Number of protein chains: 2
Amino acid sequence: MLKAEQTMTLVNGEVSSSIDVTDRGLQFGDGVFETIRINRGRLVWWQQHMNRLLEGCRCLHFTNLPNVDVLLKEAVQLSENCMEGALKIIITRGFSNCGYTIPREISPNRVLLIRPGVRNSAQARQGISIGVCQQRINSATNLSGIKHLNRLEQVLARMECATEGWDEGLMLNQRDKVIEGSMSNLFVWRHDHLFTPALDNAGVEGITRGIIIKLAEKCGIAVEQGELDVLDLPNVDELFVCNSLIGIWPVSQIETAKSGQLNFEIGDKTRFLQQQLEEAMCCAD
Amino acid sequence: MLKAEQTMTLVNGEVSSSIDVTDRGLQFGDGVFETIRINRGRLVWWQQHMNRLLEGCRCLHFTNLPNVDVLLKEAVQLSENCMEGALKIIITRGFSNCGYTIPREISPNRVLLIRPGVRNSAQARQGISIGVCQQRINSATNLSGIKHLNRLEQVLARMECATEGWDEGLMLNQRDKVIEGSMSNLFVWRHDHLFTPALDNAGVEGITRGIIIKLAEKCGIAVEQGELDVLDLPNVDELFVCNSLIGIWPVSQIETAKSGQLNFEIGDKTRFLQQQLEEAMCCAD
């Protein structure tokens with residue numbers, strides 16, 4: 001059985017923890033990634049992760065797409081002795097040694113890393129504090145939605161969270177609209193309506209975000225997508241962030257420059273979705 | 001003596017061509033790079049490259065900066081048998097295995113790759129064709145100027161050049177202002193004035209761009225920096241692109257969607273700067 005903090009890695013199918021430095025993921029961030037939760041030994045929402053991975057590769061105009069059957073085989077091999085943890089899959093465009101130009105003959109590289117460990121669920125129970133990051137998220141219409149390897153904005157936003165002591169930081173676009181968290185998507189409740197920022201121009205279309213939208217709709221809760229101005233944050237009833245590893249973290253506190261510290265109740269509506277998501281995860285493949 | 005196409009690599013001082021996959025350069029593009037020309041066995045404009053490299057690391061809030069003395073030692077070691085070629089230096093924030101969050105203890109990784117070979121100077125003599133890329137360059141004020149590893153926009157722009165058969169492609173911001181080429185900076189001559197787009201909000205502050213500005217001013221040519229609308233391209237007298245490896249490439253043809261194909265003379269003013277740059281390079285350290 002793998003121990004927590006113990007990692008195992010496959011690079012292009014070989015047990016290895018290193019990759020050639022001519023890999024375009026290192027050179028230019030030329031690739032995509034997925035972070036998949038392992039729960040009770042199962043790869044949660046595998047198919048949805050693979051769909052987004054392939055969509056990302058298409059969006060970056062990869063000449064060859066990664067083989068999902070091979071990825072599944074390797075993911076299963078790697079997670080064989082892991083009951084709880086995270087699997088990260090990185091797909092890069094391949095190797096090259098001639099600047100930005102893509103060689104005619106190139107095939108993707110795949111890196112699979114497993115990190116065993118049970119998540120601390122204190123935040124899911126007690127709620128988290130969030131702040132609004134100075135670091136903006138830029139509009140890049142043709143790259144929005146996909147989980148590519150150009151993640152400096154998120155790294156810098158995450159650094160602000162560490163400095164400020166926030167569990168998570170919200171990222172705004174250049175027009176002060178909230179797009180997402182540094183490592184999560186955001187949902188807010190307003191007058192019994194569930195709302196999440198539209199991601200047409202920026203942001204990552206989280207798998208858990210998509211699952212929550214479907215679950216909510218199945219329960220008769222309409223989900224609106226649109227723009228959320230940062231100044232409207234104090235006016236929402238409840239809010240929560242989500243991602244594939246943490247599930248749903250309710251927000252109990254927001255720090256804003258203009259309104260100071262705002263406290264939020266973790267209400268029944270958020271708890272209901274948390275429960276729904278947990279149940280769905282247990283039966284998901 | 002190293003042969004063309006033969007590469008040599010140092011990773012953290014060791015002769016190696018691979019790096020651990022937990023490197024944050026691969027994971028998030030969390031780092032910076034420099035591409036330095038080797039001319040007659042010398043590392044051209046080394047100090048300027050190091051200044052930008054350190055500035056980039058500071059801008060990304062690296063806990064520890066790379067040691068420039070060590071970099072020089074390794075660069076000299078690697079380029080010992082290389083008379084003409086390119087040296088690429090990649091500096092990443094270091095290794096980590098816990099998402100975007102930066103561990104308290106982290107030190108930068110350094111990758112030095114050498115690629116021997118004499119540049120084909122046909123483009124410098126005969127001029128090049130350029131087009132205007134669909135791929136936009138996004139404004140990211142706090143990251144503008146530095147040569148970080150998040151280069152998907154440039155990769156996608158370069159792909160357009162290959163598809164369209166252009167030698168270089170110009171990249172516009174969201175407001176149709178020309179920022180730079182996919183792998184170069186742009187200069188234009190208008191009524192005896194030299195102009196280059198300001199890079200306050202986007203783009204890379206090329207070392208050669210900086211050298212050209214200084215050389216021009218030394219020769220009594222004022223260099224204006226500001227905004228250049230893509231619609232104004234047909235109205236310039238001469239134009240050229242530059243980077244550390246190619247020097248100056250005069251532009252002899254622009255393909256634009258609105259004005260079709262435009263031909264330009266390669267005039268004396270561009271040839272003069274080309275000559276000045278060549279001479280400066282030969283005495284630069």
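Student: What should I know about numbering and confidence?

Tutor: Residues are numbered from 1 along each chain as its sequence is written, and chains are lettered from A and ligands numbered from 1 in the order in which they are written. The model is predicted: local features need pLDDT of at least 70, side-chain atom pairs count only at pLDDT 80 or more, and totals for chains, interfaces and linings use all residues.

Student: How many helices and strands does chain A have?

Tutor: Start with the term. Helices (H or I, at least four residues) and strands (E, at least two) are DSSP runs, numbered from the N terminus. Chain A has 7 helices and 16 strands.

Student: What radius of gyration does chain A have?

Tutor: The radius is taken over C-alpha atoms, and the globule rule is 2.2 Å times the number of residues to the power 0.38. For 285 residues a compact globule would have a radius near 19 Å; chain A has 19 Å, so the two agree. Its C-alpha trace spans about 55 × 40 × 35 Å along the principal axes.

Student: What percentage of chain A is buried?

Tutor: A residue is buried if 20 or more other C-beta atoms lie within 10 Å of its own, exposed if 12 or fewer, and partly exposed in between, with C-beta atoms placed from the backbone. In chain A, 48% of the 285 residues are buried.

Student: How do I read a sheet, and which strands stand at the edges in chain A?

Tutor: Two strands pair if DSSP finds at least two bridges between them. Chain A has an open sheet of 6 strands in the order S2-S1-S7-S6-S4-S5, with antiparallel pairing. S2 (14-15) and S5 (42-43) of chain A are at the edges; each has a single partner strand, so one side of each is left without a neighbour in the sheet. Inside the order, S1(A) and S7(A) pair over 4 bridges in the antiparallel sense. Leu10(A) has Leu112(A) in S7(A) as its bridge partner.

Student: Which strands does helix H2 of chain A touch?

Tutor: Contact means that the C-beta atoms of two residues, placed from the backbone, lie within 7 Å. Axes are lines fitted to C-alpha atoms, for helices over the stretch in contact, and angles run from 0 to 180 degrees between N-to-C directions. H2 (residues 46-59) of chain A packs on the sheet and touches S4 (31-39), S5 and S6 (85-92) of chain A. Its direction makes about 175 degrees with that of S4(A).

Student: How do I describe two packed helices?

Tutor: Use the angle between their axes and the distance between the axes. In chain B, the axes of H6 (residues 207-218) and H7 (residues 268-283) come within 10 Å and cross at roughly 110 degrees. That makes H6(B) roughly perpendicular to H7(B). The cut-offs: under 35 degrees is roughly parallel, over 145 roughly antiparallel, 65 to 115 roughly perpendicular, and the rest oblique. Among the residues in this contact are Ile211(B) and Leu215(B) of H6(B), and Leu273(B) and Leu277(B) of H7(B).

Student: How many residues of chain A are in contact with chain B?

Tutor: 40 residues of chain A contact 40 residues of chain B. H5(A) supplies the largest share of chain A's side, 6 residues. Strands also pair between the chains: S3(A) and S3 (residues 18-20) of chain B run antiparallel over 3 bridges. There, Ser18(A) has Asp20(B) as its bridge partner.
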